[in-house]
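Hi,

Here is the structure we talked about. Have a look at it first, then read on for what turned up.

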Amino acid sequence: MNNLQSLRGMVDLLPAQTMSWQFIESFARKHFRKASLEEIRTPILESTELFARGIGEGTDVVGKEMYTFLDRGDRSCTLRPEGTASVVRSILQSGLINQGPQRLWYNGPMFRYERPQAGRQRQFHQLGIELFGFDSVQSDVEVIAIGWDFLKGLGLKDLTLELNSLGTNEDRKNFRTRFVSWLEDRIAFLDKDSQDRLTTNPLRILDTKNEETKKLLLDAPCLQNSLCTKSRERFEDIQATLKFLEIPFKINNELVRGLDYYSHTAFEITSDNLGSQATVCGGGRYDGLVSELGGPETPAIGWAIGMERLILLIEKELNLVNSTPDIYLINKGNQAGEYALFLSRALRQSDISVEIDHTDSAFSKQFKRAYRSGANWAIVLGDNEIVEQRFTLKSIKEKSDSNSKSPLFLFSQIEKLITYLNERT
Ligand code: ATP
Ligand code: MG
């Protein structure tokens, strides 16, 4: 039998990688708490209808990329391809939607059947925020600022905020008519994908990655010219507010986002260091979605960051240290082994991390492993120590590194421990 392999596009995170993930996740939690956002966790599996309605049949995500199957009760289920539709379903189902504006964040795996490459997987992870119940220009800018400051706070450089406005539903309908008739006259010059989109989701053609089509589109009617006065003023206010906050941005009129429910503000944060998968954060306003899914008219705006792309950037720039134990517990002999277990629990209760050597091999071999573990200290327990009721604490590193516990802390904790052990015997 062949060795079992993970499915294509499904990636393991090994201990060497989980350090960076934990670092970002804990940074995100703190960042979101400061922004007064609360966490929401929704199921990974949802009814297919949620995404068909919430994302739109004409999109790549729904049309080509979903993991959809019938469960044993013949219900059509889909592994979530993104977080927003599920969050909306959840706040409608739980009634949170009726409890005033909501400020939420989520983090978790998403699934899309795409061609895997650097920064593009079939199971990937998104970290996202959603605000419900606000329609002000300031709420758009706050959402953008939370994302921008998050990435900047992680120390990332070479980021660009790209901005566009999709206007109202009405604006887009007007534009679609003009755009489609312009394209129909040139249909022979479009790539195959764009020809298909002409009937399913023409706005998505603006998002094309085909170079020839891109060139052709340079002369196409522009969405900006279809915006009504109110939409245009709103877009100008967004820009003025970003300038006031000194957040740099670039207008990108081709930026339409892949999903159907967006309106007004659409934005992406891209990095020069990601190659062709350059977008690390994508978001925008989606005032139509809550009502589309059966709820009351509710303005909403949010973004999602692709964790894998963020990790690619972070790993180049951050030097994270793997977790090392404070103490490596060397022990030999049955009694010493038992005592080592006892001691490890007491030390861990005192907030000291401990790795026990379970090999019962020669002391010299255990010492070698102790050095390799990266611990600053070793405790040595042998038969002599048991008979004499003592243990040896040995410094095993020339210079302790900055992220290890200070000797003073360690000694005071061990002193307490010894007092406790003495009282116990
Ligand atoms: P792209 O144009 O790169 O396919 P998208 O418009 O499909 O992006 P969104 O649905 O807006 O992406 O998702 C937000 C973010 O999630 C993206 O900017 C990206 O960082 C990340 N992302 C999307 N799809 C994948 C994937 N298959 N693998 C890894 N990350 C992804
Ligand atoms: Mg995509």
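One term before anything else: a residue is buried at under 20% relative accessible area, exposed at over 50%, and partly exposed in between, using a 1.4 Å probe and protein chains only. This is a predicted model, so local features need pLDDT of at least 70 and side-chain atom pairs count only at pLDDT 80 or more, while totals for chains, interfaces and linings use all residues. Residues are numbered from 1 along each chain as its sequence is written, chains are lettered from A and ligands numbered from 1 in the order in which they are written, and side-chain values use heavy atoms, with hydrogens and water left out.

Salt bridges

I count a salt bridge when a side-chain nitrogen of Lys or Arg is within 4 Å of a carboxyl oxygen of Asp or Glu. The structure has 19 of them. Glu388 pairs with Arg390, with the closest N and O atoms 2.6 Å apart. Glu388 counts as partly exposed at 46% relative accessibility, and Arg390 is partly exposed too, at 39%.

Glu49 and Arg53 make another bridge, at 3.0 Å from N to O. They sit 4 residues apart in helix α2, so about one helical turn separates them.

A buried Glu

Glu308, in helix α11 (residues 307–317), is buried but has no salt bridge, and the nearest side chain of opposite charge, Arg309, is 7.4 Å away. For charge, Lys and Arg are positive and Asp and Glu negative, with His and the chain ends not counted. So what does the side chain of Glu308 have a polar contact with? That would be the side chain of His125, at 2.8 Å. (A polar contact is a pair of N or O atoms within 3.5 Å; within protein, one must be able to donate a hydrogen and the other to accept it, and residues adjacent in sequence count only if both atoms are side-chain atoms.)

Aromatic pairs

Rings of Phe, Tyr and Trp (its six-membered ring) pair when their centres lie within 6.5 Å; planes under 30 degrees apart are stacked, over 60 edge-to-face, and the rest tilted. There are 10 such pairs. Phe27 and Phe150 form a tilted one, 5.7 Å centre to centre with 45° between the planes. Phe27 is in helix α1 and Phe150 in helix α5, so the pair ties together parts 123 residues apart in sequence. Phe32 and Trp105 are tilted as well, at 5.1 Å and 45°. Ring pairs link Phe27, Phe32, Trp105, Phe150 and Trp303 into a cluster.

Nonpolar cores

A nonpolar core is a set of buried Ala, Val, Leu, Ile, Met, Phe, Trp, Tyr and Cys residues joined through side-chain atoms within 4.5 Å. The largest has 42 residues, and those touching the most other members are Val88, Phe132, Phe179, Leu183, Leu217 and Tyr286. Helix α6 gives the most to this core, with 5 residues. A second, separate core of 41 residues includes Leu37, Val143, Leu242 and Met307.

Cheers

Key. Helix = DSSP H or I, 4+ residues; strand = E, 2+ residues; numbered from the N terminus.
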